[in-house]
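Me: I have a structure open and some terms to sort out. Can we go through them one by one?

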Amino acid sequence: MITVNHLQKKYDTLTVLRDVSTTINKGDVISIIGPSGTGKSTFLRCLNLLDPPTSGTIEIDGENILSPKADVPRLRRKMGMVFQSFNLFEHLSVMDNLTIGQIKLLKRSKPEAEKRAIELLKMVGLAEKAHVYPSQLSGGQKQRVAIARCLSVEPEIILFDEPTSALDPTMVSEVLGVIRDLAAKGMTMAIVTHEMSFARDVSTRIFYMDEGIIYEDGTPEEIFTHPKKEKTRFFINRIKCFEYKIANRDYDLYELNSLMYAFFAKHFFSKEASNKLVLIVEELLQIMPIDGGVDIVLEFSEKEKSVQGILTQHQCSKSIINHQGVDKLSLSIIKNMSSSITEEIGEGQTQIRFTFVPQ
Ligand code: ADP
Ligand code: MG
């Protein structure tokens, strides 16, 4: 459906895309992942010509869209784009946002366009919002309207650029749910995302972008479980892992907690599971000597949907759990909430490991 060959994009002296070549087939659901600043957004913008590539070719259904003879508006209509920041027409009602493209681009009559708009709003769960304005909607609702508007002009592929990054964490799943349904219906999509569990579940292919190229391309299993190349491996390991270093007892508890909540939200842990995990860490910090510093590492296992926690304190090498004066209440909370807890006493440090599996 889309063939990209040796695509290059430079901004003055900065080469963002060095040499991107790939083929996107009908029905592909491609998640594009990678560190920020590696050209993921630039790649999507080049694909639908929001930004002209410096060199290379892009063919859609066999037509070169970069040829001077190309009917760019018609070709571009085949590709819908959904942005991080919704980009709805704020001065138009939801209904008008959804009919304007159909009337102008597809030459549909107004009643025809309205009928389709209602169908699409039903699909994204917002039929009752047809007559309100975007300012009356939550972020998650706005993004669902933006997806419906994109669909209203019948694109062959939808390009999503971090569709959930601007949303409050509580609204991420309603938008991902809509994208999931589209994938199930066979819609061709390319999605730049940081939602790794989602990317793994929903995609047929993953592109890992780095160094101005599609550095590694594979199935979710290949990329997330057996990445072949060095940088992919490094990136995948890092996103599965939460790390925090406490230097002394004056550490910033609020920052630590909110970073932990953000990490658990990214891996789709429920509020309840997140609360339990934060409580385990808090209680562990109650019973551990903190003054010499404590390193917290929480590692998410995609396969078991569990978290392995490792807390290392650098002060003394003796048992914390079996210590006489240990706070019995804290310890019983930790033991109740985690599915296993072990201790390793080393040279000048003690390490506590626990496993947590949400119900
Ligand atoms: P990503 O989406 O992977 O985070 P981007 O595609 O947004 O990365 O950006 C890649 C690089 O290109 C960044 O270094 C960014 O600063 C630069 N860049 C993006 N757009 C422009 C532009 N319009 N002008 C100049 N530099 C840009
Ligand atoms: Mg980007």
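**Ligand 1 and its surroundings**

Reply: An oxygen atom of ligand 1 lies 3.2 Å from a polar backbone atom of Thr38. Keep in mind that this model is predicted.

Me: What makes the pair at Thr38 a polar contact?

Reply: Two N or O atoms must lie within 3.5 Å, so the cut-off decides. The Thr38 pair is at 3.2 Å. It qualifies as a polar contact.

Me: Which backbone atom of Gly37 meets ligand 1, and at what distance?

Reply: A backbone N or O atom of Gly37 is 2.7 Å from an oxygen atom of the ligand. That pair meets the cut-off of 3.5 Å too.

Me: How do you know that Arg45 counts?

Reply: A polar side-chain atom of Arg45 is 3.5 Å from a nitrogen atom of ligand 1.

Me: How much of ligand 1 does the protein bury?

Reply: Ligand 1 alone exposes 560 Å². The protein buries 60% of that.

Me: Which elements give two or more residues to the shell around ligand 1?

Reply: Strand E2 (14–24) and helix H1 (40–47) do. H1 gives the largest share, four residues.

Me: What makes a residue part of that shell?

Reply: One of its heavy atoms must lie within 4 Å of the ligand. Tyr11, Leu14, Val16 and Lys40 are among those around ligand 1. The shell divides into three nonpolar, six polar and two charged residues.

Me: How do helix H11 and helix H12 pack?

Reply: H11 (residues 271–287) and H12 (residues 328–337) pack at about 145 degrees. Their axes are 9 Å apart. H11 passes H12 in a left-handed crossing.

Me: How do you know that these helices are in contact?

Reply: Contact needs heavy atoms within 4.5 Å. Residues including Leu279, Ile280 and Leu284 in H11 meet residues including Leu331, Ile334 and Met337 in H12. The contact residues divide into eight nonpolar, two polar and two charged.

**Positive phi**

Me: What makes His6 stand out?

Reply: His6 has a positive phi of about 50 degrees, although it is not a glycine. His6 is in strand E1 (residues 2–11).

Me: What is phi at Lys107, and where is that residue?

Reply: Phi of Lys107 is near 55 degrees, a positive value in a residue other than glycine. Lys107 is in the loop between helix H3 (94–105) and helix H4 (110–123).

Methods. Residues numbered from 1 in each chain as written. Chains lettered and ligands numbered in written order. Predicted model: local features only at pLDDT ≥ 70, side-chain atom pairs only at ≥ 80, totals over all residues. Heavy atoms only, no water. Axes fitted to C-alpha atoms, helices over the stretch in contact; angles between N-to-C directions. Left-handed = near helix turned anticlockwise from the far one by under 90°. Nonpolar A, V, L, I, M, F, W, Y, C, P; charged D, E, K, R; others polar. Polar contact = N/O pair within 3.5 Å; in protein donor to acceptor, adjacent residues only side chain to side chain. Areas by Shrake-Rupley, 256 points an atom, 1.4 Å probe, with all protein chains shown as cover.
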